[in-house]
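Dear colleague,

Please find below the structure that I am handing over to you. The notes after it set out what was found.

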Amino acid sequence: MKFSEIQYKRPEIDEIKSVCSSACEKIAGAKSFEVADREFENYQKYIKKIMTMLYIAVVRHSINTEDEFYDKENDFVDEVSPQLTEYTESVDKALFESKFKDQLENKYGKLFFKNIELSMKSFSPEIIPQMQEENKLVSEYEKLLASAQIKFDNATKTLSEMTYYKTSPDNDIRNSAWKAEGEFYRSHENELDSLYDKLVKVRDSKAKIMGYDNYVGLGYNEMKRSCFDAHDIEKFRKGVIDYIVPLASELYKQQAERTGAQYPLSFADAALLFKSGNARPSGTSEDILNHAKKFYHELSPQTAAFIDSMYQNEMLDVLSRKGKQGGGYCIELYEYETPFIFANFNGTSGDVEVMTHEAGHAFAFYQAMAVNKIFPIEAVCPTMESAEIHSMSMEFFSWNWAEGFFGNDTEKFKYGHLFGAITFIPYGTMVDHFQHIIYEQPKLSPNERHDVWRKLLKTYMPWMKLDGSPFYGEGMGWQRQSHIYSSPFYYIDYCLAQAAALQFWRLAQSDMKDAWNRYMELVSHAGKLNYLELLKTAGLKSPFDENTLKDIAQSAKVWLDSADKSHLL
Ligand SMILES: [Zn+2]
């Protein structure tokens, strides 16, 4: 079915409540494993429909935030999702406490029950008002960013459209684009500070009600982390500082030499990789969509079936428009066994990354739902540090097809992609480290929070200089990183996934077929295994082992050093 043909009907919260409480009773009172199991299956069929409706409301709202009907429906989703969590958690709890738990665990896997345990530790009906407040604040932040109308180039631009100018090879255009965008954020400084302050406090109070010292422990449990903890993240940080930061600094020094910029770099100069301009897609949006189809057709029979289904059912909305929410995401429409891709094309190489990154998520969802019929829905997607392996590795698998996307800029694209993957890790780790400090000290003032960020910049991004230009140059740039507002502690997951994706990249350089087979093996387990177990299925190394980041840095350095510099001017 085409996305536009799907009928939306607002779910009835009273009906959900009664279906869930009856499922609880039936599972608790079941006289045999078979009965408990059948009741759970019936409940899953129902909840699948409900989740699909809620996600459709979210998608239609983000496609057009000015649509009044779906604006209200999105508010409804914000409002009911904590209640929905309460009802579904009660069913999970009944399952967890069932006499037949061992048999159920046998059928649905250990991780499913481990995740229920973590959910029980991160939710209680007592914190519903805080959760509702949190959702409301996040929506306000997103609305503020979506409403941005920046006067630039004799027109009004959205934040997403500004990216194009922020990477322009023309120094004047690029510098003034960074300045114009910085001024937008700066003019909303009070709102941004106040929204974040409220978010930190509401999350802290949630944690205290749940019996945690602060939000950090609760945040980890909300992310359902079952195979690593904050100590492992500390080890990871050390590896980043010891091996990735020095390589990234060296790469930025080379960039400054190449482009004639001064080192350390301003934010505007750091954005320009090559004097003649960063890699740009060679064709129109239409060309990118067409070549993505060719890429997935040639990559494997499974990816061919996937992309055909996406295009035929119009399960993507990728062109940038006024009123459209920023960023990109991929969401599961369980009832129709299909993902939906949302993005904002803006004429940069990021457009191709959407078709490889978000489509990497989408492919894994499609395999899990439509092909492998993974059950229950909670096991369709692994925790995020693993789900991001699906997407970030797919970006690297596109290398052999890069020419169709980038034409003459192909070498620039590959160099920039690997450069970006390496230099991203310190940034991402810093975003995570920042949040640890903020939630450990929830009483910091907005100014003190900016100071924390500025201090971390020196450790993780020593190639940057604060030149006093508005917002970015003042060390306030964390406020544009939406995850810090909307998805606390999510960001490190990109770094952990990148550490796996770079291992796939290295494998693909020597044996593409072997790399792809390992990837398919990892994808086939969907959300049935945890991060470290999934790495093992593909024969990849854990990034908590110090040597892993060291090896990755070495291989990347060899490739980047030997790249043909005549194409990289
Ligand atoms: Zn992603």
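The zinc ion is held by His357 (NE2), His361 (NE2), Glu388 (OE) and Glu388 (OE), at 2.1 to 2.6 Å. Donors here are N, O and S atoms within 2.8 Å of the metal (3.2 Å for Na, K and Ca), and since water is not among the atoms, sites may look incomplete. This is a predicted model, in which local features need pLDDT of at least 70 and side-chain atom pairs count only at pLDDT 80 or more, while totals for chains, interfaces and linings use all residues. Residues are numbered from 1 along each chain as its sequence is written, and side-chain values use heavy atoms, with hydrogens and water left out.

Along the chain, the donors of the zinc ion follow the spacing H-x3-H-x26-E. Histidine 361 belongs to helix α15 (residues 350-371) and glutamate 388 to helix α16 (residues 384-397), so the pair ties together parts that are 27 residues apart in sequence. Helices (H or I, at least four residues) and strands (E, at least two) are DSSP runs, numbered from the N terminus. The arrangement around the zinc ion is irregular because the four donor atoms subtend angles of 54 to 145°. Four donors count as tetrahedral if all angles lie between 85 and 135 degrees; four count as square planar and six as octahedral if opposite donors are over 155 degrees apart and all others between 65 and 115; anything else is irregular.

Histidine 361 is buried, with a relative accessible area of 7%, and glutamate 388 counts as buried at 2%. Buried means under 20% relative accessible area, exposed over 50%, and partly exposed in between (1.4 Å probe, protein chains only). Threonine 383, in the loop between α15 and α16, counts as buried at 19% relative accessibility. Leaving aside neighbours within four places in sequence, threonine 383 is in contact (heavy atoms within 4.5 Å) with Met223 and Lys224.

I turn next to the strands. Strand β5 (residues 338-345) is mostly covered, with eight of its eight residues buried. In a regular strand the side chains alternate between the two faces of the sheet. In β5, Thr338, Phe340, Phe342 and Asn344 point one way and Pro339, Ile341, Ala343 and Phe345 the other way, and all are buried.

Which strands are joined to β5 by bridges? Strand β3 (residues 316-319) runs parallel to β5 and is joined to it by three bridges, whereas strand β4 (residues 329-333) runs antiparallel to β5, with five bridges between them. Two strands pair if DSSP finds at least two bridges between them. Leucine 316 stands opposite isoleucine 341 in β5. β4 and β5 form a hairpin with four residues between them, and glutamate 337 in the turn has a positive phi of about 50°. Both faces of β4 are covered as well: Tyr329, Ile331 and Leu333 on one side and Cys330 and Glu332 on the other are all buried.

The aromatic residues form a further topic. The count comes to 62 aromatic pairs, where rings of Phe, Tyr and Trp (its six-membered ring) pair if their centres lie within 6.5 Å; planes under 30 degrees apart count as stacked, over 60 as edge-to-face and the rest as tilted. The rings of phenylalanine 40 and tyrosine 108 have their centres 5.4 Å apart and their planes at 65°, so this pair is edge-to-face. It links distant parts of the chain, with phenylalanine 40 in helix α2 (residues 33-63) and tyrosine 108 in helix α4 (residues 101-108), 68 residues apart. Phenylalanine 40 and tyrosine 108 are both buried.

Phenylalanine 397 and phenylalanine 504 form a tilted pair, 5.9 Å centre to centre with 50° between the planes. Phenylalanine 397 lies in helix α16 and phenylalanine 504 in helix α21 (residues 491-510), so the pair ties together parts that are 107 residues apart in sequence.

Finally, tyrosine 252 is found in helix α11 (residues 230-259) and counts as buried at 9% relative accessibility. Beyond its neighbours within four places in sequence, tyrosine 252 is in contact with Tyr263, Leu265, Ala270, Phe419, Thr423 and Trp463.

With kind regards
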